[in-house]
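Here are my notes on the model, point by point. Please read them alongside the sequence and the coordinates.

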Amino acid sequence: MRRVMIGLLLAAAVATGCASPVTGTPAAPPGPTSPPDVLDALPWTTVTDGATRTTAVLPGPANPQQTELPNADPAQQAVTATQYEAVTARSGTVQLFIMLRSPNMTFDSRREVSSVADGLKGTVTANSPVTVDGHPGVDYTITYTSRTSGQPSVVHTRFVEARDFAVRLTTRGVGKDPAEVAALHQRVAASLKVPAP
């Protein structure tokens, strides 16, 4: 069975068009508030992926785009994903990737963290298993230096494996306050709902 190990090269995602329908409805910001004056003011919006029924509350409207994620195994093809992105001016950028499983393909969460760290040339500062609605996954944080701006950066990720798809929820801050980036990610990650197996 072919095992996919997707390297998260954040700057390399290329939008090629729209895919699954999305619903955007205003929602109250979930989870604890920190810092409240920054996060509460964001236009929190519930996004639902049409193909998988995965939902998350993002800090702004996000339309679906088709994108390709590089495969950590150069012998394998890039992975096509649906991407939802919400950008905040101060606290970071949130991206929700939905990756449908192809025949004879499986995702490898054990290699997820090392693959992303290698792609970013970063350092893993947190890494722990997580279960989301009965699905296994991993939460991890990587610090790195932005290749484009040279600024210190951080990316927080929740990666979840479902039966027919995988979900990657990331919050990236380039030159942002690390505490605000972490608080933003905690809110979004707490809102992530993946249909039960």
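1. Is T54 buried or exposed? T54 counts as buried, because its relative accessibility is 0%; buried means under 20% relative accessible area, exposed over 50%, partly exposed in between (1.4 Å probe, protein chains only). T54 sits in the loop between β3 (45-49) and β4 (55-58). Helices (H or I, at least four residues) and strands (E, at least two) are DSSP runs, numbered from the N terminus.

2. A word on the basis. This is a predicted model, in which local features need pLDDT of at least 70, side-chain atom pairs count only at pLDDT 80 or more, and totals for chains, interfaces and linings use all residues. Residues are numbered from 1 along each chain as its sequence is written, and side-chain values use heavy atoms, with hydrogens and water left out.

3. Back to T54. Its side chain makes a polar contact of 3.0 Å with the side chain of T52. A polar contact is a pair of N or O atoms within 3.5 Å; within protein, one must be able to donate a hydrogen and the other to accept it, and residues adjacent in sequence count only if both atoms are side-chain atoms. Beyond its neighbours within four places in sequence, T54 is in contact (heavy atoms within 4.5 Å) with residues including V47, I98, F165, V167, L192 and P195.

4. R53 lies in the loop between β3 and β4. R53 counts as exposed, at 59% relative accessibility. Its phi is near 65°, a positive value in a residue other than glycine. K121 also deserves a look. Phi of K121 is near 55°, a positive value in a residue other than glycine. K121 is placed in the loop between α2 and β9 and is exposed, with a relative accessible area of 68%.

5. The overall account is brief. The protein has 3 helices and 12 strands. Of its 197 residues, 50% count as buried. Among contacts with a separation of 6 or more, 60% come from residues 24 or more positions apart. The protein exposes about 9100 Å², with carbon and sulfur atoms supplying 52% of it; accessible areas come from the Shrake-Rupley method with a 1.4 Å probe, and for residues only the protein chains shown count as cover.

6. Next, the sheet. Seven strands form an open sheet in the order β5-β6-β7-β12-β11-β10-β9, with antiparallel pairing; two strands pair if DSSP finds at least two bridges between them. β5 (65-69) and β9 (123-132) stand at the edges with a single partner strand each, so one side of each has no neighbour in the sheet. On average, neighbouring strands of this sheet are turned by 25° against each other, direction ignored. β5 pairs with β6 (residues 79-88) over 5 bridges in the antiparallel sense. There, L69 stands opposite V79 in β6.

7. Two helices meet this sheet. Helix α2 (residues 109-120) packs on the sheet and touches β9, β10 (135-145), β11 (152-161) and β12 (165-174); its direction makes about 15° with that of β10. Axes are lines fitted to C-alpha atoms, for helices over the stretch in contact, and angles run from 0 to 180 degrees between N-to-C directions. Helix α3 (residues 178-191) lies across β6, β7 (92-100), β11 and β12, and runs at about 160° to β12.

8. F165 is in strand β12. F165 counts as buried, at 9% relative accessibility. Not counting residues up to four places away in sequence, F165 touches T52, T54, I98 and F107, among others. C-alpha to C-alpha, F165 and A81 are 9.8 Å apart in space and 84 residues apart in sequence.

9. Finally, charge pairs. The count comes to 5 salt bridges, each a side-chain nitrogen of Lys or Arg within 4 Å of a carboxyl oxygen of Asp or Glu. R187 and D40 form one, at 2.8 Å, N to O. R187 lies in helix α3 and D40 in the loop between α1 (36-39) and β3, so the pair ties together parts 147 residues apart in sequence. R187 is buried, at 1%, whereas D40 counts as partly exposed, at 41%. R90 and E180 form another, at 2.6 Å, N to O.
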